[in-house]
Amino acid sequence: MELSAFDIQQARVKQVLYKSRLRSVLYGVREADAAQVDLVAEIMDGPHPHVVESPLGQWLDTMVKPQYGHHPEVLEIERTLQQMLSTGRDLAAQYQRGQIEESRTGLDRVNAQADRLNVLFDQLGQRLAIG
C-alpha cells in the first residue's frame, strides 16, 4: 500500500498525542485516568520497551517498514522514536521519584526529538513524492 500525505499527517498526530499525554502526566493536569495509567505503564514497562508498543511505532511497523523500510529516513525515524520513548520513560521515572521540576524541564528533549521526527516525516514524504 502506498503512503499518502494523510498517512504522514496521522504519524504527526500520534507523536503530538504522545507528547500531550506525557505532559499531562508530568504536570498532573487531571486526575490519572485509564489513558494516563496506560501511558505511564507504556513508559515504565521494562527497561527498554520496543518501539512497536507505541501507536507511532505500530504505524511505522505496519504501514511504513514493510514497503519503505530500506529508506534511511525510515531507519532514522525508528531510532528517533526509540529515543523519544526512552526519554519519556526516564522523565516519568523522575516524576515518580519526586523530581518533578527536573522531569518537566526534560520535556525540551522530547520536543527536540519530536521536531526531528517532523523533519524526517517531511524528508520521507519528499523521497516518496507524497504531496
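In this predicted model, Leu 56, Gly 57, Leu 60, Val 64, Lys 65 and Tyr 68 of helix α3 touch Val 74, Ile 77, Glu 78 and Leu 81 of helix α4. By class, this contact of α3 with α4 comprises seven nonpolar, one polar and two charged residues. The points below cover the geometry of this pair, two further helix pairs, an aromatic pair and the confidence of the prediction.

**Helices α3 and α4**

- Helix α3 spans residues 55-68 and helix α4 spans residues 72-96; their axes come within 11 Å and cross at roughly 165 degrees.
- Because angles over 145 degrees count as roughly antiparallel, α3 is described as roughly antiparallel to α4.
- The crossing of α3 and α4 is left-handed.

**Helices α1 and α3**

- Helix α1 covers residues 5-27, and its axis comes within 8 Å of that of α3, with a crossing angle of roughly 155 degrees.
- Helices α1 and α3 are therefore roughly antiparallel to each other.
- On the α1 side the contact involves Asp 7, Ile 8, Ala 11, Lys 14 and Gln 15, while α3 contributes Pro 55, Leu 56, Trp 59 and Met 63.
- Six nonpolar, one polar and two charged residues make up the contact of α1 with α3.

**Helices α4 and α6**

- The axes of α4 and α6 lie 9 Å apart, and the two helices pack at an angle of about 165 degrees.
- Helices α4 and α6 are therefore roughly antiparallel to each other.
- Their crossing is left-handed.
- Residues of α4 in this contact include Pro 72, Val 74, Ile 77, Leu 81, Met 84 and Leu 91; among those of α6 are Leu 107, Val 110, Leu 117, Leu 120, Phe 121 and Arg 127.
- The contact of α4 with α6 divides into 13 nonpolar, six polar and five charged residues.

**Aromatic pair**

- The structure holds one aromatic pair.
- Trp 59 and Phe 121 form this pair in an edge-to-face arrangement, with 6.1 Å between centres and 85 degrees between the planes.
- The pair links distant parts of the chain, since Trp 59 belongs to helix α3 and Phe 121 to helix α6 (residues 107-127), 62 residues apart.

**Confidence of the prediction**

- The chain has an average pLDDT of 83, and 80% of the residues score at least 70.
- Over residues 31-35 the pLDDT stays under 50, and the model has three contacts beyond four places in sequence for this stretch.
- Over residues 44-49 the pLDDT likewise stays under 50, and the model has eleven such contacts beyond four places in sequence.

Note on methods. Residues are numbered from 1 along each chain as its sequence is written. This is a predicted model: local features need pLDDT of at least 70, side-chain atom pairs count only at pLDDT 80 or more; totals for chains, interfaces and linings use all residues. Side-chain values use heavy atoms; hydrogens and water are left out. pLDDT is the predictor's confidence in each residue, from 0 to 100. Contact means heavy atoms within 4.5 Å. Axes are lines fitted to C-alpha atoms, for helices over the stretch in contact, and angles run from 0 to 180 degrees between N-to-C directions. Helices (H or I, at least four residues) and strands (E, at least two) are DSSP runs, numbered from the N terminus. Angles under 35 degrees count as roughly parallel, over 145 as roughly antiparallel, 65 to 115 as roughly perpendicular and the rest as oblique. A crossing is left-handed if the near helix is turned anticlockwise from the far one by less than a right angle, and right-handed if clockwise. Ala, Val, Leu, Ile, Met, Phe, Trp, Tyr, Cys and Pro count as nonpolar, Asp, Glu, Lys and Arg as charged, and the others, Gly among them, as polar. Rings of Phe, Tyr and Trp (its six-membered ring) pair if their centres lie within 6.5 Å; planes under 30 degrees apart count as stacked, over 60 as edge-to-face and the rest as tilted.
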